[in-house]
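Dear colleague,

I am handing over the structure below, with the request that you read it alongside the notes that follow.

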Amino acid sequence: MRRKKVKADPKGVLTGAHYMDGDYALAEGALAAGCRFFGGYPITPSTETAERFSERIPKVGGVFIQMEDELASIASLIGAAWGGKKPMTVTSGPGFSLMMENIGLACMMETPLVIANIQRGGPSTGLPTLTGQQDMMQAKWGSHGDYEIIALSPDSPQECFDLTIDAFNLAETYRVPVFVMTDECVGHMHEKVIIPPAEEIDLVERKWYNGPKDQYLPYKPDKDGIPFMVKTGDGYRFHTTGLTHDERGYPELNAECQDVSLKHLINKIRHNADKIIRIEEDQIEGAEIVVVSYGITSRVATKAIHKARKEGLKVGTMRLITAWPFPEKRFHELASKIKSFVFPEINFGQMVREAERSVKGLCPVVSVPHCGGWVHDPEDIYNAIKEASK
Amino acid sequence: MNDEAQNKGQNPIEGLLRMDRIPHIWCPGCGIGTVVTSFAEALKKSGLDLDKVAVVSGIGCTGRVAGYIKLDSFHTTHGRAIPFATGLKLANPEVNVVVFSGDGDLAGIGGNHLIHAARRNMDLTVICVNNFNYAMTGGQVAATTPQNANASTAPYGNFEFPFSLPNLVESAGATYVARWTALHLRRVTKSIQEALLKPGFSFIEVITPCVTLYARRNRLGDGLNLLKYYYDNSEIRHGADTKELDISYQGKLIVGKFVDKEKPTFIDAMNTHMGEVLGDDYEKYGRINDD
């Protein structure tokens, strides 16, 4: 998909080598990406991102507002996007649940915005200060109705920075909410973060409409399938709604319009899945076992993988940088070449179901669940690899 | 009044309506259309650049207003019109943002946002159509239903204590507060016009007939009967203490402009404070074109 690329505004880019945690790196990534609106509500373990925004954004010409709850935070983001800004919020489990209804509105209105979830253990209040990866399915399915979103999963503070920029670019490219699904460990992990000079950061511009005012249709897909957007106050007098709508944005409450608009919302992501999906693979060639992981679990798995390789086991790795859309084609491709997938994640087995669905029975997918509160013991992953290779 | 439009036999506010969406969904005798007419008249009289006015609605009968007004308009989720409008206003401060929604949407499910936007003195004009019930879903009891009135989920009459909306928003910090009925057309228009031009959080409650549900269930007759009730029982008392504005079932309706005071808006307060604390490090917000 070709879209006008611009360079980052140096004002928001803190070029240099830093020692910072993932939460701060999310904020810096957003500011580098041109985010100038933050609406949020405090929740552990994501508060550091909001704090960083509140300190930094007034100095770069943006606005920070601490809303009264997460229902308001996400609603303010949708309004801000239609007001012309690139907006972001950050939250964790309970707050993520509260955002769900309006995430559906953002999808329905085709609104570009970024939501970071620093996952903690759940359900309910669960483990506020301890890690988890239990909201991965919620990110995909949490709001009612059918829709598609994009979710990225950084495994380091550096990636928190890098992938937040990517998240904004994807949000603007596809006019869709994009989730940065990290976790408490990565959020609170301090590491070196290199922030490049602004001229090395490519940003995707919003797909602004510039045709005749009276011919603007907010939901008419362009050649690439994505409709043009306009900014409130620019004289287009457009309408948008959470109801099923036609190209004009007018409610059209019938099965025919639902069919067209729902397929559009879903296919604009599914048909571009190959362009969106990013995975990182290592020693896949000739591997018998492929360990699949994302976020903090990919780093924990490394120890188990090294141990298994030392013992002569042929272990490849696949790290999901993009969690949604799920790389189902790649799983299916590998399934007939390997003995088994091993899939550790800090939940009771969520993304592993997608892997099972994708391999269509061609090979086993071994789940290595963890209930949250801490990362896996690498021994558990090692044992699963060992068992699977028998 | 647009004479030219009248000569052509057109609706005088036709230019501000999405005529391709008419007829609207509101029942005969409903007061929402009346308030929309007042709003359109107020817009015309305000002298504002209408390209720079946006309407945000929530869900419900009044929530449909955004779909009929020919301005940048947003039909959002139930209760979240105000935080949506807050984001919109902050993102593009040159736009005059109007929230047009119902009592259930603004004071029931969205009550928290109502008080916080008032507290922040967010620069919004909020028009709240109060028909004493959840009409779109079939006349259920609301946070504004007078005691003893009947509703579909209060079949034995309502025993809860209703909100007095002017009292609520004044307590929370609103700088402009008025209440009228759908009978007070000119006054509604004037209040909306004043609110549009006033920086800060402005709130106008308009009590309107819901003939199909509230009136029918309570055997109050048709729209005309309700307007007669407003006529007989309304008392204009500008500047009245908002503590004394409770509405009882078929009782007296104190209307008027109760609050009209000056206070820095959210953006003004932010600019002043941040400018003082951060000096040259602070980039003044809302006065620059950052496209």
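Helix α2 of chain A spans residues 47-56, and its buried residues are E48(A), T49(A), A50(A), R52(A) and F53(A). The cover over these buried residues includes β2 (16-21), α1 (22-32), β3, β4, β5 (87-91) and β6 (113-121) of chain A. An α-helix has 3.6 residues a turn, so residues three or four places apart point the same way. Please keep in mind throughout that this is a predicted model.

Turning to chain A as a whole, the domain assignment gives domain 1 (5-204) and domain 2 (279-388). The centres of the two domains of chain A, taken over C-alpha atoms, are 27 Å apart. Their contact takes 23 residues from domain 1 of chain A and 21 residues from domain 2 of chain A. On the domain 1 side, β7 (127-131), α5 (136-141), β8 (150-152), β9 (177-183) and α7 (184-188) of chain A each supply at least two residues. Of these elements, α5(A) gives the most, with four residues. By class, the residues on this side of domain 1 of chain A are 12 nonpolar, seven polar and four charged.

The largest nonpolar core has 207 residues, and those that touch the most other members are I78(A), V114(A), I385(A), V56(B) and I127(B). Domain 1 (5-204) and domain 2 (279-388) of chain A both contribute residues to this core, so the core lies between them. Apart from this core lies another, of five residues, including Y209(A), Y216(A), M229(A) and V230(A). As for V56(B), leaving aside neighbours within four places in sequence, its contacts are A66(B), F74(B), T76(B), A81(B), F84(B), A85(B), L88(B), V97(B) and V99(B).

An open sheet of five strands in chain A has the order β13-β15-β14-β17-β18, with mixed pairing. At its edges stand β13 (279-282) and β18 (365-369) of chain A, each with a single partner strand, so one side of each has no neighbour in the sheet. Neighbouring strands here are turned by 20 degrees against each other on average, direction ignored. Within this sheet, β14 (residues 289-293) and β15 (residues 315-320) of chain A run parallel and are joined by five bridges. V291(A) stands opposite T317(A) in β15(A).

The next topic is the meeting of the two chains. In this interface, 42 residues of chain A are in contact with 38 residues of chain B. On the chain A side, β3 (37-40), β4 (63-66), α3 (70-82), α4 (93-108) and β12 (239-241) each supply at least two residues. The element that gives the most to this side is α3(A), with nine residues. This side of chain A has 20 nonpolar, 14 polar and eight charged residues.

Which strand of chain B is joined to β12(A)? The partner is β2 (residues 72-75) of chain B, which runs parallel to β12(A) and is joined to it by three bridges. In β2(B), H75(B) is the bridge partner of T241(A).

These strands belong to an open sheet of nine strands with mixed pairing, in the order β12(A)-β2(B)-β1(B)-β3(B)-β4(B)-β6(B)-β5(B)-β8(B)-β7(B). Its edge strands are β12 of chain A and β7 (234-236) of chain B, each of which pairs on one side only. From one strand to the next, the twist averages 15 degrees. Four bridges link β1 (residues 53-57) and β3 (residues 96-102) of chain B, which run parallel, and A54(B) stands opposite V97(B) in β3(B). Helix α4 (residues 81-91) of chain B packs on the sheet, touching β1, β2, β3 and β4 (124-130) of chain B, and its direction makes about 175 degrees with that of β3(B). Helix α7 (residues 165-172) of chain B also packs on the sheet, touching β4, β5 (176-181), β6 (202-207) and β8 (253-260) of chain B, and its direction makes about 175 degrees with that of β5(B).

One residue of chain B deserves a separate note. N131(B) is in the loop between β4 and α7 of chain B. Why does N131(B) count as buried? N131(B) does so because it has 30 C-beta neighbours inside 10 Å, where 20 or more are required. Not counting residues up to four places away in sequence, N131(B) touches G31(B), G102(B), D103(B), T208(B), C210(B) and Y214(B). N131(B) and I32(B) are 99 residues apart along the chain, yet their C-alpha atoms are separated by 9.1 Å.

With kind regards

Conventions
Residues numbered from 1 in each chain as written. Chains lettered and ligands numbered in written order. Predicted model: local features only at pLDDT ≥ 70, side-chain atom pairs only at ≥ 80, totals over all residues. Contact = placed C-beta atoms within 7 Å. Nonpolar A, V, L, I, M, F, W, Y, C, P; charged D, E, K, R; others polar. Pairing = 2+ DSSP bridges. Domains from an automatic or database assignment. Buried ≥ 20, exposed ≤ 12 C-beta atoms within 10 Å, placed from the backbone. Core = buried A, V, L, I, M, F, W, Y, C linked by C-beta atoms within 7 Å. Axes fitted to C-alpha atoms, helices over the stretch in contact; angles between N-to-C directions.
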